Amino acid sequence: MTDAPPAAGHGLAIGVDVGGTKVAAGVVDRHGRILGSARRPTPGHEPALVADTIAEVVGELRAAHAVGLEAPIGIGAAGWLDRRGARVMFAPNLAGWRDEPLRDIISARLGRPVVVDNDANTMAWAEYRFGAGRGCAELVCVTVGTGIGSGLVLDGKVRHGAFGVGAEYGHMQVVPAGLPCGCGSQGCWEQYASGRALVRAAREAASGSPQAGRRLAGLAGGDLATLTGPDVTTAAREGDPAAVKCFEEVGYWLGQGLASLAAVLDPAKFVIGGGVSDAGELLLGPARAQFHAALPGRGHRPEAEIVLAELGPDAGFVGAADLARAGILGRA
């Protein structure tokens, strides 16, 4: 293992994280420190509207923090980008983003070049440089949110694959002919080990046994259709058996998928982030247990660490800023 390389340059950079519900941005120094941040709701899924919102938050940050026009700007976008980081070819959870020239749209709106990468890749880079993956040159980051995002750092570089869409582990099939997924396939990992899966399991548990699901129903105000992932986490932290069992189920599938990734990639560390990871050991405990049980060659090989991410919801824009500053995306 080698230490993370220093970022090129010594100035500030602006990073932007574009998701399905929010656009978050921040001014980040070369040590990964956030000097200021701004957020807006994602204004629908039209790339032009998203570009307008990005321009607004970048302008706000420049004015509030005396950031020069020459400061690098990095964008983390929730979609599958081509190898040049220019076009969003497909975004499973953003309707309408199909072969969109997002980089050029944003660059034209801001009047300067920008660097664009997948949001899970920017999160992975942030954790590698400044968070739970510091000093670990072989690293897989998995964000367990509504779906599953993932990023891969090998030999101290973000890896994108031959066509730019590598490390989309949330869409590897874990159950043949299983639940349908927004990517067009069935049985994808994110259908079983995500916030969506957690809420689905909780609703099924509460509907199937009102007595066992009484606390879950209470947190939802009696309407299970409004139950959220944080509600399930609250109930599990209180020791509610039904909620704890839901985390055991999601943790099982998380660990199963991590074991498959270890068989292929053999990373030193898995860093787990995303909203569902706020539950901590309620999720990671079952995940570690199943990872150990399912790991090929267990007992005869080193096992990767499975740890929580450290940078929280700001990791996406921190990593985007640092990638833009360093200019090391490595896209041809």
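**Note on the cavities, sheet and overall fold of a predicted model**

1. The second largest cavity holds about 30 Å³ of space, where a cavity is a set of points, on a 1 Å grid over the protein atoms alone, at which a 1.4 Å probe fits but cannot get out. Grid points are joined across faces, edges and corners, and the volume is the space filled by probe spheres set on the points.

2. As to the basis of these values, this is a predicted model, in which local features need pLDDT of at least 70 and side-chain atom pairs count only at pLDDT 80 or more, while totals for chains, interfaces and linings use all residues. Residues are numbered from 1 along each chain as its sequence is written, and side-chain values use heavy atoms, with hydrogens and water left out.

3. The lining of the second largest cavity consists of Y192, A197, R200, E249, V250 and W253, lining residues being those with an atom within 4 Å of a point. Helix 4 (195–208) and helix 7 (241–265) each contribute at least two residues to this lining, and helix 7 gives the most, with three; helices here are DSSP runs of H or I with at least four residues, and strands are runs of E with at least two, both numbered from the N terminus. By class, the lining of the second largest cavity has four nonpolar, no polar and two charged residues, with Ala, Val, Leu, Ile, Met, Phe, Trp, Tyr, Cys and Pro taken as nonpolar, Asp, Glu, Lys and Arg as charged, and the others, Gly among them, as polar.

4. Of the 10 residues that line the largest cavity, N118, N121, G164, V165 and E168 are the closest to its centre. The lining of the largest cavity divides into three nonpolar, five polar and two charged residues.

5. An open sheet is formed by three strands in the order 5-6-7, with antiparallel pairing, two strands being paired if DSSP finds at least two bridges between them. Strand 5 (80–81) and strand 7 (98–100) are the edge strands, each pairing on one side only. Strand 5 is joined to strand 6 (residues 88–90) by two bridges, and the bridge partner of W80 in strand 6 is F90.

6. The protein chain comes to nine helices and 13 strands. Its radius of gyration, taken over C-alpha atoms, is 20 Å, close to the 20 Å that the globule rule gives for 332 residues, so the chain is as compact as a globular protein of that length; the rule is 2.2 Å times the number of residues to the power 0.38.

Conventions
On a 1 Å grid over the protein atoms alone, a cavity is a set of points where a 1.4 Å probe fits but cannot get out, and a pocket is an open set with protein on both sides within 12 Å along at least five of seven lines; lining residues have an atom within 4 Å of a point.
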